[in-house]
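Here are a few notes to read with the model open beside you. Take them one at a time and find each spot as you go.

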Amino acid sequence: MMTDHRISRRSFAGGAAAAFAFTILPGRARGANERVNVACIGVGGKGRGEVSDVSEAGGNIVALCDVDLDRISGRDDPRQAHPDAKFYADFRRMLDEMDRQVDAVTISTPDHTHFHPALKAIRMGKHVYCQKPLTHSIWEARTLAEEARTHGVATQMGNQAHAGEPIRRGVEYIRAGLIGTVREVHTWTNRPIWPQGMGSPPEPEEVPETLDWDLWLGPAAGRPYSPAYVPFNWRGWWDFGTGALGDMGCHIMDMPFWALDLDAPTGFDATSEGNTPLSGPTASTVSYTFAPGEYSGDLVYTWSDGGRMPPDEAFSGFDLPKEQIARRFDLVMIGDKGKLLFSRGRTEWLTAPGALLEEFEAPEPTIPRVPNEDAEWLEACKGGPPALSNFDYSGPLTEFVLLGNLAIRLGRPLSWDSRGLRCPDAPEAEALIRREYRKGWEA
């Protein structure tokens, strides 16, 4: 039996903030009624939307930075929406020149250039919002979390649904025992929707006059320009992106990671198609194992992309075709009481057996509800409660996600020593855990 159950929003009201009745003192705290001065790094594509979102949430945009003028020009040019904001191509110059005028930064650049502006800003005492995945490498994620803690700044990673009702209510339901002790988690995506599996570099082309190619490369090794990299398809190249897993994992894998209070897996393995030394796979399946915890037993956590899906038995008990499950949901959790189909975009859940939701006594809300992630971060910048996808949480989440790429790239099962940040049985993984930067970009 299966029940399509919509959770009443009325049951969410009251008492949610009690569990988080503490505050932090960021590096530069603002008064509750003061506006936070924000500099935005990467303002084309996704960054264009982030400029707008932060402004609408109450941030004062004082500087804009981008290396690709063609990408930001046009009807929605953020320079037109914020004519008083100073414009730069190099984030280093911007932060140095505007130090006293900037309280916080947003970073919406390609994956390989998240770490350096975030690290510089944190060390200058700026609050930081950074798009997902938090970093390009595992070592970078660990380092940013440690540096943010040391400098006392307010941080947030851009996995937007973490601030939304479905995930926060899902965490409460799982921890209240809706499906019992969890034994399996399966997640999936239709990505990649960009080219992957390339085995050779693209043909060089002339650099557009509107693009600063050297700054776009940042810490990555030098090479000729190609439109196969810029502006979007960089995601499929290992030197710049983190593939389908890096792109979507911090979104889709978030709720179970949070709900089960997971930290680091003990081991992980992967199968893939089309992976090359240059480019991510056309399809992959990653399997992580976790030791038992408060809400889970010996846990197997899988990820599938490129058209792959979990095995049919994961969906037994749901009277719904697998192709509809793939479209409507992005994960299934399996416990000793039953199963939960979940999507981060809605509070319409399916359980097997269907009576689980009907008979379950809904827990009282314990997690704060917020308007959106930008408002949550800006409040933290002003000395309010930490944003809940701050780097103490999103750093380990990013590490977990990116570990899967180690198994994909090395092509064999691996064990993980989280404290030592190493794979004991794979010394060759070290170059992927902490990448080498080109001269002038050393961290």
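1. Ground rules. This is a predicted model, where local features need pLDDT of at least 70 and side-chain atom pairs count only at pLDDT 80 or more, while totals for chains, interfaces and linings use all residues. Residues are numbered from 1 along each chain as its sequence is written, and side-chain values use heavy atoms, with hydrogens and water left out.

2. What to expect of a backbone. Most peptide bonds are trans, and most residues other than glycine have a negative phi. The next points look at exceptions.

3. Two cis bonds. Arg 191 and Pro 192 are joined by a cis peptide bond, with omega about 10°. You'll find Pro 192 in the loop between strand E8 (182-188) and helix H8 (213-217). (Helices, H or I with at least four residues, and strands, E with at least two, are DSSP runs numbered from the N terminus.) Another cis peptide bond links Ala 352 to Pro 353, with omega about 0°.

4. Around Pro 353. This proline sits in the loop between E14 and helix H12 (355-359). What does its backbone oxygen lie 3.0 Å from? A polar atom of the side chain of Thr 351. Thr 351 itself belongs to strand E14 (residues 348-352) and is buried, at a relative accessible area of 0%. (Buried means under 20% relative accessible area, exposed over 50%, and partly exposed in between, using a 1.4 Å probe and protein chains only.)

5. Two positive phi angles. Asp 261 isn't a glycine, yet its phi is positive, about 55°. Look for Asp 261 in the loop between helix H10 (254-259) and strand E9 (267-273). Leu 421, also not a glycine, has a positive phi of about 55°; its loop runs between strand E15 (414-415) and helix H15 (430-433). Which of these is buried or exposed? Asp 261 is exposed, with a relative accessible area of 53%, whereas Leu 421 counts as buried at 15%.

6. A helix pair. Two packed helices are described by the angle between their axes and the distance between the axes. For helix H9 (residues 243-252) and helix H14 (residues 391-410), the axes come within 9 Å and cross at roughly 150°. (Axes are lines fitted to C-alpha atoms, for helices over the stretch in contact, and angles run from 0 to 180 degrees between N-to-C directions.) Among the residues that meet are Gly 246 and Gly 249 in H9, and Val 401 and Gly 404 in H14; contact here means heavy atoms within 4.5 Å.

Methods:
A polar contact is a pair of N or O atoms within 3.5 Å; within protein, one must be able to donate a hydrogen and the other to accept it, and residues adjacent in sequence count only if both atoms are side-chain atoms.
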